[in-house]
Amino acid sequence: MSNSTINWEVGPIFRALLRNKVGAVLIAIQIAVTMTIIVNSVFIIVERDQQMQRVSGIDEDNTFYLSSLGFGQNFNSKVAIQEDLNMLRNLPGVADAMQINAIPLSGSGWSMGLQTKPGAEYDGVGTAVYMVDQNVLNTLDVELIAGEKFTATDIRWRDKSQGDWPDKIIITKALAVSLFPDEKWQSIVGKTVYINDVEPMTIGGIIDQLQAPWIGWDKVENVMLSPEQMDQDSTRYIIRTEPGRRDALMPQIEELLANRNKNRIIKGMRSLQETRERSYRSHTAIIKILSTIMVILTIVTALGIVGMATFSVNQRKKQIGTRRALGASQGAIVRYFMVENLIISTVGVVLGAMLTLGLNIVLVNVFNLDKIDWYYIPIGMVVLWLVGLIAVFAPAKRAANIPPALATRTV
């Protein structure tokens with residue numbers, strides 16, 4: 001079809017829409033609202049799904065944890081912890097185990113600020129803190145990519161009221177980059193950082209990856225490993241099993257620990273997989289809800305376009321019959337309704353693009369979401385154009401089948 005033909009058709013179609021603009025305006029607004037919600041929903045879904053796919057750095061498939069709560073005057077926490085760990089590490093099927101203060105992805109843990117210069121006037125870089133022993137690398141299945149691992153002589157006991165920190169730490173690559181953005185991360189080993197404003201610590205090693213307990217934190221891979229065991233009646237063990245042995249060992253280990261010492265309670269046993277599912281439960285719910293809303297809105301919008309086109313066909317049957325009698329082909333009739341819908345959809349998606357940006361600004365300011373990537377908007381416009389064309393095709397086809405003889409009827 002030539003440009004002159006298109007121009008010849010668009011003018012009369014546009015003028016016809018202006019004579020019956022209420023229905024066209026309502027459909028355009030419906031398309032705009034649908035696009036606004038769908039584009040922002042898709043962006044949120046993609047963002048949440050990417051967060052759910054992030055690798056924690058741990059052997060999640062074979063790792064679980066539980067808590068031991070001691071009580072009574074005869075309970076010695078240091079002795080109990082050492083005996084428990086010796087038993088766990090020598091148990092067939094257990095790859096390694098250790099005491100830990102917090103669990104990755106769990107939503108609860110310790111955080112501190114590290115700074116490269118001493119003094120309260122300097123800003124610190126936030127980091128999650130895991131208190132671990134010399135078995136941390138094997139227990140969590142993380143890789144040391146620079147420096148040295150902890151040895152038994154590096155590990156100290158931390159009392160309940162103790163506020164100072166060890167001299168040596170291991171950090172993640174992400175934290176190394178955050179602390180020293182202008183230097184190569186490999187050169188960070190041996191440098192001094194400060195905690196509590198002025199207390200120095202030496203970076204003894206760097207691991208490849210490990211996530212903090214808080215999945216919504218924008219610095220989720222900023223992690224510090226502190227070489228210390230906690231002298232507390234309430235403690236937590238994290239255990240990694242040999243592949244495929246986790247489910248069989250979980251109840252067995254729970255029973256063994258409970259029977260070893262009657263002055264305590266074993267509770268809160270959970271696998272890392274279950275912890276991930278629980279932590280990302282809200283993400284899963286949001287994805288399901290937004291997906292459902294998107295489908296419903298698309299269907300409602302398509303039905304609205306079908307309804308308007310069907311109404312238009314019924315109102316203009318005699319006019320269409322006259323055009324057919326004057327020689328208009330079925331293709332020309334179909335094209336008329338397609339162009340009409342394209343005009344309405346174009347107004348709708350242009351308005352929708354502006355509303356999409358407006359809603360995203362609100363989401364960024366109120367809910368701290370990221371700014372929408374620019375390419376979501378043109379993709380959304382194309383999708384809504386296609387939805388409109390597909391929806392109007394059936395009514396347009398029915399209009400094309402109106403016989404020319406209808407033009408001669410008086411009723």
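A crossing is called right-handed if the near helix is turned clockwise from the far one by less than a right angle. With that in hand, here are some close-ups of this predicted model.

**View 1. Helix 8 passes helix 10 in a right-handed crossing.** The axes of helix 8 (residues 281–315) and helix 10 (residues 330–367) come within 12 Å and cross at roughly 135°, which makes helix 8 oblique to helix 10. Look for Ile305, Met308, Ser312 and Val313 on helix 8, in contact with Phe337, Glu340, Asn341 and Ile344 on helix 10. Sorted by class, this contact has five nonpolar, two polar and one charged residues.

**View 2. A salt bridge joins Asp59 and Arg240.** Here the N to O distance is 3.5 Å. The partners lie 181 residues apart, Asp59 in the loop between helix 2 (21–52) and strand 1 (63–70), and Arg240 in strand 11 (residues 234–241). Asp59 is buried, because its relative accessibility of 15% is under 20%. Arg240 is buried as well, at 11%.

**View 3. Glu83 pairs with Arg260 in a salt bridge.** The closest N and O atoms are 3.9 Å apart. This pair also links distant parts of the chain, with Glu83 in helix 3 (residues 77–89) and Arg260 in helix 6 (residues 246–260), 177 residues apart. Glu83 is partly exposed at 43% relative accessible area, and Arg260 is partly exposed at 41%.

**View 4. Glu274 and Arg270 meet through their side chains in a salt bridge.** The N to O distance is 3.7 Å. Glu274 counts as partly exposed at 29% relative accessibility, as does Arg270 at 26%. Elsewhere, salt bridges with shared partners join Glu83, Asp84, Arg260 and Arg264 into one network.

Technical notes
Residues are numbered from 1 along each chain as its sequence is written. This is a predicted model: local features need pLDDT of at least 70, side-chain atom pairs count only at pLDDT 80 or more; totals for chains, interfaces and linings use all residues. Side-chain values use heavy atoms; hydrogens and water are left out. Axes are lines fitted to C-alpha atoms, for helices over the stretch in contact, and angles run from 0 to 180 degrees between N-to-C directions. Helices (H or I, at least four residues) and strands (E, at least two) are DSSP runs, numbered from the N terminus. Angles under 35 degrees count as roughly parallel, over 145 as roughly antiparallel, 65 to 115 as roughly perpendicular and the rest as oblique. Contact means heavy atoms within 4.5 Å. Ala, Val, Leu, Ile, Met, Phe, Trp, Tyr, Cys and Pro count as nonpolar, Asp, Glu, Lys and Arg as charged, and the others, Gly among them, as polar. A salt bridge is a side-chain nitrogen of Lys or Arg within 4 Å of a carboxyl oxygen of Asp or Glu. Buried means under 20% relative accessible area, exposed over 50%, partly exposed in between (1.4 Å probe, protein chains only).
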